[in-house]
Amino acid sequence: MSGGALILTYHAIEEGPAPLCVEPALFERHLDCIVAAGSRTVTVATLAEAVRRGERLDGLVAITFDDGFASVARTAWPLLAERGLTATVFCVAGYLGGVNDWPTQASGAPRLPLADAASLTALAAEGVELGAHGSTHAPLNGGDSDVLDRELAGARRSLEDELGAEVRTLAWPYGVRSEAAERAARASGFLAACTASPGRVQADAALLALPRVDAHYVRRPALLRTVLRGSSYLGARRVAARARRLLRKDYVAGATR
């Protein structure tokens, strides 16, 4: 294994349409690939601290879950725990215990239940890192100070109050951000933030723009194994992802509230 650390992005671990859902049996195969590769799983905060201290990153894998679906607590965590693996769950502060029906959600995306505060608190007690994913999952590619305060500082305060756990990391909703958003995230006390740009975390990584690899890109276990070994596949994947985002947004523009 070489070439830096890897952050993997999952959403719901249950039967349903890709890319939002990964069925439990496939998720188990992914975890077994990670174990077989000899990788060490870390939280995003631990990875960010390693970058900051200039430590060796090769072989580190951060498993992350966006949105905080109920199936992560119900299904994914037991599979992780029985293998001695850890993870980071990025929660949408204004929707705990609800459904992923925020205003910017694409109309074709399935509506699935989100973990409630009690379930998330229980995960934190077992060593899972809880991070923020905004208050309403709004894209943060603008500079409106009220929106940024609500989605960053407001989300962090709300999650810490409800979950009783320190929130130090962030996943940019839809992977988008502006310079103003990065400044606001830093001012809000976030240590690190994850993007949706495929790639490896290198020693010189910008902590508020950490690359991640969506599990859909490595859905086939054989492909995940090659990526864990350090293949060059992610470079081509990054170019394709950038081109796709230029052609089509992942969210309903102008639907924030």
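Visitor: Gly189 first. Is that residue buried, exposed or partly exposed?
Guide: Gly189 is partly exposed, with a relative accessible area of 35%. That falls between the cut-offs, since buried means under 20% and exposed means over 50%. Bear in mind that this is a predicted model.

Visitor: Where is Gly189 found?
Guide: Gly189 sits in the loop between α6 (179–187) and β7 (192–194).

Visitor: What phi does Gly189 take there?
Guide: A positive one, of about 95°, just after α6.

Visitor: And how far apart are Gly189 and Thr169 in space?
Guide: Their C-alpha atoms are 8.9 Å apart, while in sequence the two residues are 20 residues apart.

Visitor: On to α6 itself. Which residues are buried?
Guide: Ala181, Ala184 and Ala185 are buried in α6. Viewed down the helix axis, the buried residues of α6 fall within an arc of 100°, so they line one face of the helix.

Visitor: Why would residues three or four places apart point the same way?
Guide: Because an α-helix has 3.6 residues a turn.

Visitor: What do the buried residues of α6 pack against?
Guide: They pack against α5 (145–163) and β6 (169–171).

Visitor: And which residues are exposed on the other side of α6?
Guide: Glu179, Arg183, Arg186 and Ala187 are exposed there.

Visitor: Left-handed or right-handed crossing?
Guide: α1 passes α3 in a right-handed crossing.

Visitor: Which residues meet?
Guide: From α1, Pro24, Phe27, Glu28 and Leu31; from α3, Thr75, Ala76, Leu79 and Leu80. The residues of this contact divide into six nonpolar, one polar and one charged.

Visitor: Last one, Thr43. Where is its place?
Guide: Thr43 lies in the loop between β2 (40–41) and α2 (44–53).

Visitor: Buried or exposed?
Guide: Thr43 is buried, with a relative accessible area of 11%. The cut-off for buried is under 20%.

Visitor: What does Thr43 touch?
Guide: Leaving out residues up to four places away in sequence, Thr43 touches Ala62, Thr86, Ala87, Thr88 and Glu129.

Key:
Residues numbered from 1 in each chain as written. Predicted model: local features only at pLDDT ≥ 70, side-chain atom pairs only at ≥ 80, totals over all residues. Heavy atoms only, no water. Helix = DSSP H or I, 4+ residues; strand = E, 2+ residues; numbered from the N terminus. Buried < 20%, exposed > 50% of the residue type's maximum accessible area, 1.4 Å probe, protein only. Contact = heavy atoms within 4.5 Å. Left-handed = near helix turned anticlockwise from the far one by under 90°. Nonpolar A, V, L, I, M, F, W, Y, C, P; charged D, E, K, R; others polar. Arc of directions from axis to C-beta.
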